[in-house]
Amino acid sequence: MPHSTPSEGLPEPARRAELRASHDDREAVVERLREAAGEGRLEIPELEQRLERALTAKTYGELAELTADLPEPAAPPQPAERGEPLVLKGGLHGAERVGRWTVPARIVARGGMGGVKLDFTRAICPWPEFEVEVRGEMAGVTIIVPDGWAVDTTGVDPGLGGLRNKTTPDRLPDTPLLRLTGSGGMAGAVVRHPNRWERRRLRDNPA
């Protein structure tokens, strides 16, 4: 008699549930769980419990159980869906975008009296290139980009405060191009890669 395996005769979804998961599969579920916690869908104790199960999961079925009650993540915007620009105003107390956030096609950063900080090191950027219009005003604008991102500063008027571009010119494949426009104003603008302290924080907290 021909030898049969336990999964023979099962419908396709059940057969897939028995297949062995890879490291990348587990990491994808870990990332989704962390996003869900950031969205307020999971409490910290439940997140920790699910993360432990995800990291030790053997099959697709075990991983699927951990995200079965979570909605599918929103698809990244397509180039035709550029939408309205994100406008950040420093005001008296400053404004910033740091951590994990989705980059729009265009950003206007007005330093005001408190300054603006844009940190792209953990950001999700669906665009091959995007624009940041800087208005340094009284307190300036600071922009932090990951290594390998390219920055075009030819569209910026340095103003009185100037523009300091501390990035390296080497662009890695599949990384976005940041086009800077606008004016440095009184306080100027700075675009740079992460400093030593920021790199240590990224290394110690890679998620």
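Author: What follows is a walk through strands, salt bridges, aromatic rings and a surface patch.

Reader: What kind of model is this?
Author: It is a predicted model.

Reader: OK, strands. In what order do the five strands of the open sheet come?

Author: The order is β1-β3-β5-β9-β7, and the strands pair in the parallel sense.

Reader: Which strands stand at the edges?
Author: β1 (86-89) and β7 do. Each has a single partner strand, so one side of each has no neighbour in the sheet.

Reader: By how many degrees are neighbouring strands turned against each other?
Author: On average by 15°, with direction ignored.

Reader: How many bridges join β3 to β5?
Author: Five, and the two strands run parallel. In that pairing R106 stands opposite E131 in β5.

Reader: What do the side chains of E131 and R106 do?
Author: They meet in a salt bridge, at 3.4 Å from N to O. E131 belongs to strand β5 (residues 129-135) and R106 to strand β3 (residues 106-110), so the contact ties together parts that are 25 residues apart in sequence.

Reader: Are those two residues buried or exposed, or something in between?
Author: In between. E131 has 23% relative accessibility and counts as partly exposed. R106, at 30%, is also partly exposed.

Reader: Why would such side chains pair at all?
Author: Opposite charges on side chains can pair when the charged atoms come close.

Reader: How many salt bridges does the count come to?
Author: The count comes to 15 salt bridges. One of them joins R53 and E65, whose closest N and O atoms are 3.4 Å apart. R53 is in helix α3 (residues 44-56) and E65 in helix α4 (residues 60-67), twelve residues apart.

Reader: How exposed are R53 and E65?
Author: R53 is partly exposed, with a relative accessible area of 41%. E65 has 55%, and since the cut-off for exposed is over 50%, E65 counts as exposed.

Reader: Back to the sheet. Which residue does R179 meet in a salt bridge?
Author: D152, with 2.7 Å from N to O. R179 lies in strand β9 (residues 177-183) and D152 in strand β7 (residues 150-157), so this pair ties together parts 27 residues apart in sequence. R179 is partly exposed, at 32% relative accessibility.

Reader: Which residues are linked in a network of salt bridges?
Author: E31, R32, E35 and R100 are.

Reader: There are other strands too. Which strand is joined to β4 by four bridges?
Author: Strand β6 (residues 141-144) is joined to strand β4 (residues 116-119), and they run parallel. As an example of a bridge there, K117 has T142 in β6 as its partner.

Reader: And which strand pairs with β6 over four bridges in the parallel sense, apart from that one?
Author: Strand β10 (residues 189-192). Within that pairing, V141 stands opposite A189 in β10.

Reader: New topic, rings. How many aromatic pairs does the count give?
Author: Four aromatic pairs. In one of them, the ring centres of W101 and F120 are 5.2 Å apart and the planes are at 35°, so the pair is tilted. W101 sits in the loop between β2 (95-97) and β3, while F120 sits in the loop between β4 and β5, 19 residues apart.

Reader: Are W101 and F120 buried or exposed?
Author: W101 is buried, and F120 is buried too. F120 also forms a tilted aromatic pair with W149, at 5.8 Å centre to centre and 40° between the planes. W149 is in the loop between β6 and β7, 29 residues from F120. W149 is buried, as is F120.

Reader: Which residues do the ring pairs link into a cluster?
Author: W101, F120, F130 and W149.

Reader: Last one, the surface. Which residues make the nonpolar patch?
Author: L92, M113, M138, L160 and M186 make a nonpolar surface patch of about 650 Å².

Reader: Where is M138?
Author: M138 is in the loop between β5 and β6. At 56% relative accessibility, M138 counts as exposed.

How values were computed. Residues numbered from 1 in each chain as written. Predicted model: local features only at pLDDT ≥ 70, side-chain atom pairs only at ≥ 80, totals over all residues. Heavy atoms only, no water. Salt bridge = Lys/Arg side-chain N within 4 Å of Asp/Glu carboxyl O. Buried < 20%, exposed > 50% of the residue type's maximum accessible area, 1.4 Å probe, protein only. Pairing = 2+ DSSP bridges. Patch = residues over 30% accessible without salt bridge, like charges linked within 9 Å, V, L, I, M, F, W, Y side chains within 5 Å. Areas by Shrake-Rupley, 256 points an atom, 1.4 Å probe, with all protein chains shown as cover. Axes fitted to C-alpha atoms, helices over the stretch in contact; angles between N-to-C directions. Phe/Tyr/Trp six-rings, centres within 6.5 Å; stacked < 30°, edge-to-face > 60°.
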